[in-house]
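Hi,

Here is the structure I promised to pass on. Have a look at it first, and then read my notes below.

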Amino acid sequence: MQKNGMLLALVEEYKRAAKDYIEILKYISDKEFLEIRDYKSKDPDCKSIQTVTFHIVQSGYTYANYIQSISNNNWLEYKSSMTTTKVAINEIEKMLEYTKISFHDNWYKSNKEIEKYSFETRWGVTYDLEQLLEHAIVHVLRHRRQVENFLKKD
């Protein structure tokens, strides 16, 4: 039995976006990671590279939980702390692995079967599985850009 090509492609792109983000983290110090970058933002997830990274990982677990809900009701609310870039990189990698596992046997469903699933998210948007994965990819890309802009200001 072959895995669904659409799902494989989207998960591979998600991993690629995360790896690009990790590449940025590899070259910043722990001090830079923790430093407040945006004093004006009212969003606590957008103050520092640390808070942005935590938000990416926490959101990644949320996306995976929605995917997992197709097969079971397990929900892992991510609350770990990350105070170093090394820990952050490890947490991103664990989130990606959790995402992979969240598919269970859904890897082998046809596009037609997959199209039946939709998720009413806690931020008020309804996505099908393809849209949810596309959102996950773009979410990382947008925050990668945000962090790159934080670093340009130095």
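One definition before the notes: a residue counts as buried under 20% relative accessible area, as exposed over 50%, and as partly exposed in between. You'll need that for H104, which has a relative accessibility of 32% and therefore counts as partly exposed. H104 sits in the loop that links α4 (85–102) to α5. For context, most residues other than glycine have a negative phi.

Do keep in mind that this is a predicted model. The mean pLDDT of the protein is 95, and 99% of its residues come out at 70 or more. Going element by element, α1 has the highest mean pLDDT (98), while helix α5 (residues 111–114) has the lowest (95).

The other thing I looked at is how two of the helices pack. Helix α1 (residues 5–26) and helix α3 (residues 49–68) have axes that come within 12 Å and cross at roughly 160 degrees. Anything over 145 degrees counts as roughly antiparallel, so that is how α1 and α3 run relative to each other. Their crossing is left-handed.

Which residues make the contact? From α1 there are Y14, Y21 and L25, and α3 brings in I49, V52, T53, I56, G60 and Y63. Sorted by type, the contact residues of α1 and α3 are seven nonpolar and two polar, with no charged ones.

Cheers

How values were computed
Residues are numbered from 1 along each chain as its sequence is written. This is a predicted model: local features need pLDDT of at least 70, side-chain atom pairs count only at pLDDT 80 or more; totals for chains, interfaces and linings use all residues. Side-chain values use heavy atoms; hydrogens and water are left out. Axes are lines fitted to C-alpha atoms, for helices over the stretch in contact, and angles run from 0 to 180 degrees between N-to-C directions. Helices (H or I, at least four residues) and strands (E, at least two) are DSSP runs, numbered from the N terminus. Angles under 35 degrees count as roughly parallel, over 145 as roughly antiparallel, 65 to 115 as roughly perpendicular and the rest as oblique. A crossing is left-handed if the near helix is turned anticlockwise from the far one by less than a right angle, and right-handed if clockwise. Contact means heavy atoms within 4.5 Å. Ala, Val, Leu, Ile, Met, Phe, Trp, Tyr, Cys and Pro count as nonpolar, Asp, Glu, Lys and Arg as charged, and the others, Gly among them, as polar. pLDDT is the predictor's confidence in each residue, from 0 to 100. Buried means under 20% relative accessible area, exposed over 50%, partly exposed in between (1.4 Å probe, protein chains only).
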